[in-house]
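The entries are in the order I checked them.

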Amino acid sequence: MKKLSIIALIVLTSQISISQKEALPSQRQLNWEKLSYYAFTHFGPNTFTDLEWGHGTETEDIFNPTALDCEQWVKTFKQAGIEGVIITAKHHDGFCLWPSKYSKHTVRESKWKNGKGDVLRELSNACKKYGLKFGLYLSPWDRNHPDYGTEKYNQVFVNMLNEVLTNYGPIFEVWFDGANGEGPNGKKQVYDFELFNSTVRKLQPNSVIFSDVGPDIRWVGNERGFAGETNWSTINNQGWYAGKAGIEKQLNEGHENGFAYQPTEIDVSIRPGWFFHEKENEKVKSADELMSIYLKSVGRNGNLLLNIPPDMRGRIHKNDSLALLNFKEKREELLGKKLKINPEKIGINGKKSSLSKALVDGNNSTFLSMNQEKELTIEMDFGKNTSTKGIQLREYLPKGQHIKSFEIEGFNGENWTVITKGTTIGNRRILTWNPLSINKLRIKILDAFDTINLSGIEVY
Ligand code: FUL
């Protein structure tokens, strides 16, 4: 009996230690966390038919950009401070923007460039030339392919993956759309995501894989451009699948000390639709709207995937380019105006410390580590009245995401007041306020699980 309870105890403790093992980022996720803002380009038959979801029955000749210029896209993006591009290599209508051997619904069957064109070739070359990262969106849902909805289709999709991952790399991200509707034969497919993911791992081991439920990056639960104010990169999503309904709020906020490390990517379009529509030319989001999205995505522990759809010529429309440049200016107005903080003027829990340098050296691989039992107070003395309007805090992610609650206080020469407060931090937490003149600023980390590891503070 005694023996039995000892065994039970051992089993129990080993179960506890398994369930408490912290989920930490992989190297490929850490590389992805170094990015913040990149472009999505929805381009294909829908660009010409004015649809959002093509039927798969469109004739290939519909696809006929009159002046495709992928260098123009990439130059526009680069000027706007965008770090990479993810293109819809195949949307739900099944049309392939490259001449796939595994489909008869591709650029090869169109009149464009007499069937000799290849959008992926042109865009990947332009990205290489201008130093932008290149990524691929592929919809497993295919409304054209005759094998869709049958056993054979998963292998067709893998064959397509083989082509795009071998011929246009390096690929920084593969984006799997979770939509799953009916194919031409009225059937739905049972997707073999395990096979799809292992194909990506084999051919592009450094590429991160996005889907609603990871494995590397998760969807944020909406297409309106915001992560939760509380946003854990970890999530308990065992048993979840792409397209599952009712999980949006949890995707938006994650779970503290969740089972899987899967940070959020925020996908949103600069226009109402994902594809270009002439009638939406006056509905391009303004720089102010984009800035607000930026603060709610990049500023809330996510990366921003902003869709900028090329038009029927195959170019980025001037209204979109202008909005992108104005948005860049807005970001610089805030983030470009960092206060220079002397580490000698930083007190950590009331004392000077050689560790303060790690907080303001602009290097995200140096960090300040503290036991969570001690409340952490970081006080910065500006030496004179200084106008402030925001802050960015960053955690050192290789050790995981831990901070649960913090507060920012300012000293105006007479008293301390709370300026703002927040919950999670993660990769980046940016908070802004109306310009406020203070001569000292205090960051209080009020609650965390396990250690507090802060790698960066910027005050604007
Ligand atoms: C969704 C798709 O149905 C939309 O057309 C778009 O591609 C968006 C990014 O993902 O699931």
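The entries below cover salt bridges, then the backbone.

Entry 1, ground rules. I am working from a predicted model, where local features need pLDDT of at least 70, side-chain atom pairs count only at pLDDT 80 or more, and totals for chains, interfaces and linings use all residues. Residues are numbered from 1 along each chain as its sequence is written, and side-chain values use heavy atoms, with hydrogens and water left out.

I took a salt bridge as a side-chain nitrogen of Lys or Arg within 4 Å of a carboxyl oxygen of Asp or Glu. The structure has 21 of these salt bridges.

I looked up Glu109 and found its side chain in a salt bridge with that of Arg108, at 2.8 Å from N to O. For exposure I used relative accessible area: buried is under 20%, exposed is over 50%, and partly exposed is in between (1.4 Å probe, protein chains only). Glu109 is partly exposed at 27%, and Arg108 is partly exposed at 33%.

Next I checked Glu122, whose side chain forms a salt bridge with Lys113 at 2.6 Å, N to O. Glu122 has a relative accessible area of 23%, partly exposed. Lys113 is also listed as partly exposed, at 44%.

Asp288 and Lys330 form a salt bridge through their side chains, 3.1 Å from N to O. Asp288 lies in helix α9 (residues 287–297) and Lys330 in helix α10 (residues 318–335), so the pair ties together parts that are 42 residues apart in sequence. Helices here are DSSP runs (H or I, at least four residues), as are strands (E, at least two), numbered from the N terminus. Lys330 is partly exposed, at 27%.

Most residues other than glycine have a negative phi, and most peptide bonds are trans. I looked for exceptions.

The Gly169 to Pro170 peptide bond is cis, with omega near -5 degrees. Pro170 sits in the loop between α6 (151–167) and β4 (173–176). The bond from Gly214 to Pro215 is cis as well, with omega near 20 degrees, and Pro215 is in the loop between β5 (208–211) and β6 (217–219).

Asp50 is not a glycine, yet its phi is positive, about 65 degrees. I placed Asp50 in the loop between α3 (45–49) and α4 (70–79), partly exposed at 40%. Asp450 also has a positive phi, near 65 degrees. Asp450 is in the loop between β17 (429–448) and β18 (452–459), and it is partly exposed at 38%.
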